[in-house]
Amino acid sequence: MNSSLFSLIVFLYIHGVHVDSKVDRYNFNLFENGTSFTEKVEVDVDNQTEVFRVPRHNDNDALDLMNDFAAGLTARRVPLSKDCYVSKLDPSVPSPREMKMEMDKASEQPLPNKVKVRRTEVKLLGLADRKALPQKILDFCGSFPIYNIKEVQMDERHSFITRENGKGRRKRSHWISQWNGCSHADVKQMQDCLNKVGHLNLTLSCKYDVIFCFYRATCKHIATVNTLVPTYQCTGIPHEVNLVGLCCSAIC
């Protein structure tokens with residue numbers, strides 16, 4: 001893990017704001033690589049939705065993400081690129097009722113600095129059929145084009161990723177499990193490097209178009225002597241990082 005990217009959180013805390021009886025709202029205050037920002041979380045148990053709103057920070061683009069449990073879908077709205085991405089809801093995502101409990105408990109106690117990072121490459125599968133999507137997803141995406149996507153989890157090995165943004169190149173440490181070359185010449189270069197140094201000693205120089213992320217808290221019930229009073233402990237901060245438009249060239 002590259003310490004320049006994921007020396008992530010110096011401090012963070014959550015506080016809940018109850019605006020009405022239907023939607024529970026939370027402010028997730030974070031300090032990441034010298035930058036302070038607030039992620040806003042909205043949990044609607046009745047409508048079975050969770051919404052994360054993350055502002056632009058460091059090298060990450062702004063993101064609005066909605067988990068729609070009634071439809072079994074996740075929608076990611078990216079204001080910078082004016083795109084919306086829809087995928088199947090990850091079954092490991094806590095339900096709105098569970099998410100509300102975790103956020104409530106996280107707002108009542110100090111949070112750990114233990115951040116578990118999961119990086120995924122977003123692969124576009126084509127434009128979604130808007131007629132087949134529920135109204136909640138359509139309202140969330142608005143006028144943005146909607147794409148069906150598949151997420152490919154990325155392992156952490158020997159490589160680095162750069163982003164061209166007009167202000168120089170920024171490096172990121174990753175290994176991609178499914179390789180996409182940036183040019184036709186990369187296919188031959190990849191094969192030459194595999195023959196020369198093998199898979200484990202291979203380095204990838206990668207570029208991407210968009211990166212976005214969000215955080216949440218993980219709190220679990222722990223056994224105590226007094227079983228009549230449930231006790232919860234917040235044990236970690238999952239950090240989901242998505243990369244769009246990723247391509248890599250082999251270096252050996």
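Are tyrosine 85 and phenylalanine 212 buried or exposed? In this predicted model, both residues are buried.

Tyrosine 85 also takes part in strand pairing. Its bridge partner in strand 9 is tyrosine 147. The two strands concerned, strand 7 (residues 83-88) and strand 9 (residues 146-153), run in the parallel sense and share three bridges. Strand 9 pairs with strand 8 (residues 115-127) as well, here in the antiparallel sense and over seven bridges. Within this pairing, threonine 120 faces glutamine 153 of strand 9.

Five aromatic pairs occur in the structure. One of them joins phenylalanine 28 and tyrosine 215. The ring centres lie 6.5 Å apart, the planes stand at 70°, and the geometry is edge-to-face. This pair connects distant parts of the chain: phenylalanine 28 belongs to strand 2 (residues 24-32) and tyrosine 215 to strand 13 (residues 210-215), 187 residues apart. Phenylalanine 28 and tyrosine 215 are both buried.

Tyrosine 85 and phenylalanine 212 form another pair. Their ring centres are 6.3 Å apart and their planes meet at 20°. Planes under 30 degrees apart count as stacked, so this pair is stacked. Tyrosine 85 sits in strand 7 and phenylalanine 212 in strand 13, so the contact ties together parts 127 residues apart in sequence.

Phe28 and Tyr215 also belong to an aromatic cluster, together with Phe37.

Key. Residues numbered from 1 in each chain as written. Predicted model: local features only at pLDDT ≥ 70, side-chain atom pairs only at ≥ 80, totals over all residues. Heavy atoms only, no water. Pairing = 2+ DSSP bridges. Helix = DSSP H or I, 4+ residues; strand = E, 2+ residues; numbered from the N terminus. Phe/Tyr/Trp six-rings, centres within 6.5 Å; stacked < 30°, edge-to-face > 60°. Buried < 20%, exposed > 50% of the residue type's maximum accessible area, 1.4 Å probe, protein only.
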